[in-house]
Amino acid sequence: MFPNSILGRPPFTPNQQQHNNFFALSPALYSHQQLIDAQFNFQNADLSRAVSLQQLTYGNVSPIQTSTSPLCEKMRLSDEKNLPLDGKRQRFHSPHQEPTVVNQIVPLSGERRYSMPPLFHTPYVPDIVRCVPPFREIPFLEPREIPLPEAKDKLSQQILELFETCQQQISDLKKKELCRTQLQREIQLLFPQSRLFLVGSSLNGFGTRSSDGDLCLVVKEEPCFFQVNQKTEARHILTLVHKHFCTRLSGYIERPQLIRAKVPIVKFRDKVSCVELELNVNNIVGIRNTFLLRTYAYLENRVRPLVLVIKKWASHHEINDASRGTLSSYSLVLMVLHYLQTLPEPILPSLQKIYPECFSPAIQLHLVHQAPCNVPPYLSKNESSLGDLLLGFLKYYATEFDWNSQMISVREAKAIPRPDGIEWRNKYICVEEPFDGTNTARAVHEKQKFDMIKDQFLKSWHRLKNKRDLNSILPLRAAILKR
């Protein structure tokens with residue numbers, strides 16, 4: 001998909017390598033040896049493609065080969081013996097790491113520029129280039145087939161038809177998974193131990209045909225992955241990735257943008273599949289909650305249609321955009337799940353209470369995908385139709401939920417009192433993140449936006465109650481065109 005057009009390009013000359021200051025990163029993030037390795041990986045990215053036995057075409061998604069050659073280990077140990085103590089490999093969060101001035105690191109002398117002998121002068125390459133620790137890949141997960149609920153009234157039928165038209169197709173998911181696999185190969189040229197995860201609505205069961213692909217880059221293999229500082233370390237790592245995309249993959253990726261938000265991301269578009277993608281660094285909780293939501297999505301057959309119509313409704317009324325001070329899609333999904341948990345006859349339980357071993361924060365990342373497979377469908381005695389549930393959702397947040405004193409908690413399956421912490425003070429909407437306990441609705445920080453959200457719940461509830469027609473609150477033709 002990405003690198004075919006540059007397979008034959010020659011590597012940088014040693015003179016060009018000396019003047020490449022692209023990897024001049026903060027010394028607080030990488031040790032002396034890690035900076036050398038990163039620069040080495042970047043400068044030899046094209047060469048590793050040239051010597052690869054497998055061409056990285058769009059349809060070839062086999063994982064990177066790894067090597068356990070004794071030569072690699074011998075060279076690494078030999079090289080580390082010759083380095084000063086502060087130049088040896090250290091963990092990113094090591095308390096013993098000494099700060100170093102960047103300008104003293106990058107312009108290394110010729111014989112010390114590499115963490116192993118330069119590839120440009122060695123007759124045999126593949127074993128050295130592929131001296132990468134093996135990693136465990138999450139298998140591709142196809143959506144679980146569950147029968148749709150019956151629609152015995154007009155409103156429920158409208159919801160079902162909208163869902164069947166707009167839900168993400170398996171072909172959409174496979175395109176995103178293919179992008180992830182190929183991008184992981186590329187990024188591993190910079191960070192050999194990294195892994196790339198598909199997260200968010202693309203994988204959690206609540207995606208639409210127009211959903212972007214969300215990616216999470218984990219730069220260290222468990223159990224050594226670290227919590228990065230999103231203002232410093234994550235930005236540095238994404239700067240490298242962004243530069244790699246702009247210089248090496250410009251023929252395959254368009255409009256790469258580094259967005260320096262609270263959680264920085266790189267946004268870009270894959271030219272081949274036309275998929276819009278967003279990439280973050282080490283947002284581990286995003287991986288865990290993806291599979292928690294995926295389990296809820298397929299636990300009961302009314303959940304996915306209801307979530308989709310509510311996301312479409314919120315988007316139509318412009319209250320589904322965290323960047324503009326309204327609700328994120330993630331917060332909306334949690335609000336729907338919470339409502340279904342708090343009905344007199346609940347449609348959903350708290351999975352974290354019933355199956356704590358499946359959703360423990362201590363589970364290693366390569367095992368989190370097993371949770372949805374280990375949880376059986378939930379049999380609820382509640383027989384409410386999709387139309388009744390949509391009306392009930394709007395009424396609950398328009399008239400019943402106490403925004404001033406309560407917090408939405410899917411983890412507890414009930415509304416709980418707001419905490420007294422700083423994060424929760426002066427916040428208009430409080431939605432608890434099920435794993436780390438933060439407020440997923442913190443973007444709603446203006447009273448005007450909060451009033452607009454509440455007003456839309458109330459108006460839509462009255463309209464839908466009177467007309468029992470989805471078009472009264474969501475023009476179906478426009479919603480279907482947007483997919």
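**Close-up views of a predicted model**

At 8% relative accessibility, Gln158 counts as buried, and like every residue shown here it belongs to a predicted model.

View 1. Gln158 is part of helix α7. A polar atom of the Gln158 side chain lies 2.8 Å from the backbone nitrogen of Leu470. Setting aside neighbours within four places in sequence, the contacts of Gln158 are Asp469, Leu470, Asn471 and Leu476.

**View 2. Helix α7 crossing helix α16.** Here we look at a helix pair: α7 (residues 154–166) and α16 (residues 386–400) have axes that come within 7 Å and cross at roughly 90°. The two helices are therefore roughly perpendicular. On the α7 side, Leu155, Ser156, Ile159 and Leu160 take part, and they meet Leu386, Gly387 and Leu390 of α16. By type, the residues of this contact are five nonpolar, two polar and no charged.

**View 3. The largest nonpolar core.** This core has 67 residues, and Leu340, Tyr397 and Leu470 are the ones that touch the most other members. At least two of the core residues come from each of α7, α11 (284–297), α12 (303–316), α13 (329–341), α16, α17 (447–467) and α18 (476–482). A closer look at Leu340, leaving aside neighbours within four places in sequence, shows it in contact with Val303, Leu306, Pro346, Ile347, Leu348 and Leu389. Apart from this core lies another, of 37 residues, with Leu215, Val219, Val241 and Phe245 among them. As background, nonpolar side chains tend to be buried together in soluble globular proteins.

**View 4. Thr239 in helix α10.** Our next stop is Thr239, found in helix α10 (residues 233–248). Thr239 counts as partly exposed, because its relative accessibility is 32%. Thr239 and Leu258 are 19 residues apart along the chain, and their C-alpha atoms are separated by 7.2 Å.

View 5. Arg269 sits in strand β4 (residues 265–270). With a relative accessible area of 18%, Arg269 is buried, since the cut-off for buried is under 20%. The side chains of Arg269 and Glu254 make a polar contact at 2.2 Å. Once neighbours within four places in sequence are left aside, Arg269 is in contact with Tyr252, Ile253, Glu254 and Arg255, and also with Cys274, Val275 and Glu276.

Key. Residues numbered from 1 in each chain as written. Predicted model: local features only at pLDDT ≥ 70, side-chain atom pairs only at ≥ 80, totals over all residues. Heavy atoms only, no water. Axes fitted to C-alpha atoms, helices over the stretch in contact; angles between N-to-C directions. Helix = DSSP H or I, 4+ residues; strand = E, 2+ residues; numbered from the N terminus. Parallel < 35°, antiparallel > 145°, perpendicular 65-115°, else oblique. Contact = heavy atoms within 4.5 Å. Nonpolar A, V, L, I, M, F, W, Y, C, P; charged D, E, K, R; others polar. Buried < 20%, exposed > 50% of the residue type's maximum accessible area, 1.4 Å probe, protein only. Polar contact = N/O pair within 3.5 Å; in protein donor to acceptor, adjacent residues only side chain to side chain. Core = buried A, V, L, I, M, F, W, Y, C linked by side-chain atoms within 4.5 Å.
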